[in-house]
Amino acid sequence: MIVELTVNGEQVTARVTHPGSLLDLLRDDLGLLGSKNACEQGECGSCSVVLDGELVCSCLVMAADAANSSVTTVEGVSPEDGLHPVQEAMHRAGAVQCGFCTPGIVVAAVDLFARNPHPSGTEIKEALAGNICRCTGYGAIIRALEAVEIGAET
Amino acid sequence: MHPKSIDEALAGLGEGAIPLAGGTDLMVEVNFGHIRPEHVIGLRRLAELKEWDGQRIGAGVTWRRIETHGPKGLAEAARTVGSPQIRNAGTIGGNLGTASPAGDGHPFLAAVDASIELTSTASQRTVRWSEFFTGVKETARRPDELITAVHLPAHLPERQCFGKIGIRNAMVIATVCAVVTRADDGKTTVALGSVAPTPIRVTGAETMISSITTPTAGDLVEFQRLVSEEVRPITDHRSTEEYRRHGAGVLARRLLERCLT
């Protein structure tokens, strides 16, 4: 089936086998491979995207149900000339091990800072409760996010 | 299809389409190849279902909204539903439609005697929670009906506490979940999930503790024993009957203690 939607600010027309997921659409048809496919049941958060302003697991969104919606993937979080402060902080802190969970964590963290520019450590942990890091590299990730300075770069 | 109104959604339902709310249960079934629904009614953007008017909570209200705006006992339950991603998508109506014995939202609805509004093209009816849940993932909803809202009673108990036992703190399906409410006059309700095919009230324990104004330590022990005795858990991949029975009593007693302080 054909689905029209906005992805990272661009109007796109994508093809997907119904009843496939938004994640299938993003990866298989649009070639946006940042959103990862792992658990397919909303447990791991590696497919996190922002759909119509809400952080969701794209594996749990039926592609047909995303028609005429607006989606932001990890490919769409950074400004044209650099990195988002969340990406910058994670890069600086080396908060990446195998990297598989990183895009989902970046999207979830960007969503957190958009809502709450100065989260506490507990708020950061709660916001990332739906993102699993198989390398268990949470310490570095939390430390990186605690160091994020929103607005400092702009 | 993306209906613009409940009427449009009901027309689609009449033709055999499957209602899709937040997708957090249905899409797991699709992804695992268990079901392959051809015709689906997307309810996510249906504004009518998102209406929340006092004691009437629209079926399309997400757990995220309930977490921040719901009555205390329901908000506490909402906070333990899945993860932020799941709470942004999952709805109270979808939770009822799935009717998992472990549904986090159900004990509160049972504890306050909530009703579920079911709408079809021909009629609308409101069913008490105890008639709505009929078995494991089975409800009184007919195929031509849509869950359109939850009705809470006009007066809620002064104190309400939710608790959940699971193998980890975040992102966990309940081994036991419970809500205890206590009104100023001592009337206590105790509802539990994950310990029977449907959410249940433990009326023996309720009656015993409701009559005591200031429970003693001994009363609390007896209350815990009655709760453990009344639940009907099974052993499955998540826990054993014995552990659930013990956990149900301990959890209910702790929630009661929280209500009393």
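How far apart do the C-alpha centres of domain 1 of chain A and domain 2 of chain A lie? In this predicted model, the two centres lie 21 Å apart. Domain 1 of chain A covers 2–76 and domain 2 covers 85–146, with bounds that come from an automatic or database domain assignment. The contact between them takes 13 residues from domain 1 of chain A and 11 residues from domain 2 of chain A, two residues being in contact if their C-beta atoms, placed from the backbone, lie within 7 Å. On the side of domain 1 that touches domain 2, strand E3 (residues 48–51) of chain A gives the most, with 3 residues. Strands (E, at least two residues) are DSSP runs, numbered from the N terminus. This side of domain 1 of chain A consists of 6 nonpolar, 5 polar and 2 charged residues; Ala, Val, Leu, Ile, Met, Phe, Trp, Tyr, Cys and Pro count as nonpolar, Asp, Glu, Lys and Arg as charged, and the others, Gly among them, as polar.

Between the chains, 22 residues from chain A and 23 residues from chain B form the contact. Strand E4 (residues 54–57) of chain A gives the most to the side of chain A that touches chain B, with 4 residues. That side of chain A has 12 nonpolar, 6 polar and 4 charged residues.

The predictor gives the complex an ipTM of 0.94 and a pTM of 0.95.

Residues are numbered from 1 along each chain as its sequence is written, and chains are lettered from A and ligands numbered from 1 in the order in which they are written. Local features need pLDDT of at least 70 and side-chain atom pairs count only at pLDDT 80 or more, whereas totals for chains, interfaces and linings use all residues.
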